[in-house]
Amino acid sequence: MSADLSGQSHIVVGGAGYIGSHVCKMIAALGGTPVTFDNLSSGHDHAVQWGPLVNVDLCNVEKTREAFHAHKEAVSVIHLASSIEVGIGEKDPAGFYNNNVIGAYNLLEAMRANNLNRFIFSSTCATYGETENVPLTEDEVQNPFSVYGKTKLTIEHMIQSYHNAYALNYITLRYFNASGADPDGDIGEEHDPETHLIPIALEAAAGRRGKIKIFGTDYETPDGTCIRDYIHVNDIARAHILGLQRFDEGLTNLEVNIGTGNGYSNLQILQTIEKVTGLPLPYDATPRRPGDVTRLYADATRAKEVLGFEPAHSDLENIIRTAWNFHRSRWQI
Ligand code: UFG
């Protein structure tokens, strides 16, 4: 990648988290300084290795405004901090709307107060909801099924309004399923509690938990389980860098899918994990998880045409191998 971020600082909100830490590492590798804003509610201070950490909670209006004021020299703001677990959002919508929507509003207001106007937002394919129209283009109707998807769509609308009224320059990245880990092994997925399929299945394969539960085997898919589009976290990180470059060329007002275009069922994921780890992975079929939709995979055309983005690390075996290597070194096995 030819980007040169020398001398630039970029505020990475959620930089202590899974995707955020990979974004920070990539910014630093290109000569920039990532300034992490994070309340460490789910991120980890040990994942902040490439620039300063500012401990700030977006729900605290005053502290948020002060933090942005102190770093108003930043070239851009990348916002990845949010509540993400689909199942938890169904039980705690108030917490999700507060943390995600109110937090994003406070962030946008702090940006506006400090004349920061380049914004990259982490949105999600969960904003599309249940649809037969796969692969999903960005023009698909957004009718999210989960509370999580609804909070992200509300923020997308807020950002568009800020663009129209206050000339906010933005790129909204609708990620599909972030997965894998940096091959150096220093950062990876470390949610607590973990709710995502691949890390949970790796824990089960390693004997660190009982049999994995597969939530629903009666979906209308070839093997009855849900289908998702898994994209390597370093490919997602690179999409942010491409976005930063495109701002320099005047690009703004963009919503774009960040996926591979390939869909894998939950059982295909388990089979690939068995292949990569060489370990058996029995499972229990259990009822569907509230909030899950049947199939989500991307039409990745716009990302290629507008951002020049193509996945380079998202071969499924590579995703699982890098995740497995990261966890094995953490678990010392
Ligand atoms: N699953 C299981 N058993 C588990 C965990 C997950 O069967 O123990 C299933 C889920 O029901 C779903 C699939 O595995 O069918 C993937 O679930 P994840 O929780 O790994 O991922 P989600 O697709 O629900 O959500 C994730 C992120 C969101 C993002 C979304 C996009 O959490 O932030 O991907 O699809 F928006």
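## Cysteines and basis of the model

Cys24 counts as buried, at 3% relative accessibility, where buried means under 20% relative accessible area, exposed over 50% and partly exposed in between (1.4 Å probe, protein chains only). Cys59 is partly exposed, with a relative accessible area of 29%. A search of the whole structure finds 0 disulfides, a disulfide being a pair of cysteine sulfur atoms within 2.5 Å.

The model is predicted: local features need pLDDT of at least 70, side-chain atom pairs count only at pLDDT 80 or more, and totals for chains, interfaces and linings use all residues. Residues are numbered from 1 along each chain as its sequence is written, and side-chain values use heavy atoms, with hydrogens and water left out.

## Packing of α1 with α7

Two packed helices are described by the angle between their axes and the distance between the axes. Helix α1 (residues 18-29) packs with helix α7 (residues 233-248) at an angle of about 55°, and their axes are 9 Å apart. Helices (H or I, at least four residues) and strands (E, at least two) are DSSP runs, numbered from the N terminus. Axes are lines fitted to C-alpha atoms, for helices over the stretch in contact, and angles run from 0 to 180 degrees between N-to-C directions.

The helices α1 and α7 are therefore oblique to each other; angles under 35 degrees count as roughly parallel, over 145 as roughly antiparallel, 65 to 115 as roughly perpendicular and the rest as oblique. Their crossing is right-handed, a crossing being right-handed if the near helix is turned clockwise from the far one by less than a right angle, and left-handed if anticlockwise. On the α1 side the contact (heavy atoms within 4.5 Å) is made by Tyr18, Ile19, His22, Val23, Met26 and Ile27, and on the α7 side by Val233, Asn234, Ile236, Ala237, Arg238, His240 and Ile241. By class, the contact of α1 with α7 has 9 nonpolar, 3 polar and 1 charged residues. Here Ala, Val, Leu, Ile, Met, Phe, Trp, Tyr, Cys and Pro count as nonpolar, Asp, Glu, Lys and Arg as charged, and the others, Gly among them, as polar.

## Helix α8 and its partners

Helix α8 (residues 266-277) packs with helix α6 (residues 197-205) at an angle of about 45°, with the axes 10 Å apart. The pair α6 and α8 is therefore oblique, and α6 passes α8 in a right-handed crossing. Leu197, Ile198, Ala201, Leu202 and Ala205 of α6 make the contact with Asn266, Ile269, Leu270, Ile273 and Thr277 of α8. The residues of this contact divide into 8 nonpolar, 2 polar and no charged.

Helix α8 also packs with α10, at an angle of about 60° and with the axes 10 Å apart. That makes α8 oblique to α10, and the crossing is right-handed. Ile269, Thr272, Ile273, Lys275, Val276 and Thr277 in α8 meet Leu316, Glu317, Ile320, Arg321 and Trp324 in α10. By class, the contact of α8 with α10 has 6 nonpolar, 2 polar and 3 charged residues.

Ile319 lies in helix α10 (residues 316-331) and is buried, with a relative accessible area of 0%. Ile319 and Tyr230 are 89 residues apart in sequence, while their C-alpha atoms are 8.1 Å apart in space. Leaving aside neighbours within four places in sequence, Ile319 has contacts that include Tyr230, Ile198 and His313.

Thr127 is in the loop between β5 (118-124) and α5 (147-166) and is likewise buried, at 0% relative accessible area. Beyond neighbours within four places in sequence, Thr127 is in contact with Gln142, Asn143, Pro144, Gly149, Lys152, Leu153, Glu156 and Arg174. Tyr162, in helix α5, is buried with a relative accessible area of 9%. Not counting residues up to four places away in sequence, Tyr162 touches Tyr105, Leu108, Glu109, Arg112, Ala167 and Leu168.

## Backbone features

Most residues other than glycine have a negative phi, and most peptide bonds are trans. A cis peptide bond joins Val134 and Pro135, with omega about -5°; Pro135 is in the loop between β5 and α5. The bond from Asp192 to Pro193 is also cis, with omega near 5°, and Pro193 is in the loop between β7 (177-179) and α6.

Ala167 has a positive phi, near 60°. Ala167 belongs to the loop between α5 and β6 (169-175) and is partly exposed, with a relative accessible area of 46%. Asn253 has a positive phi near 60°, in the loop between α7 and β11 (254-258). At 42% relative accessibility, Asn253 counts as partly exposed.
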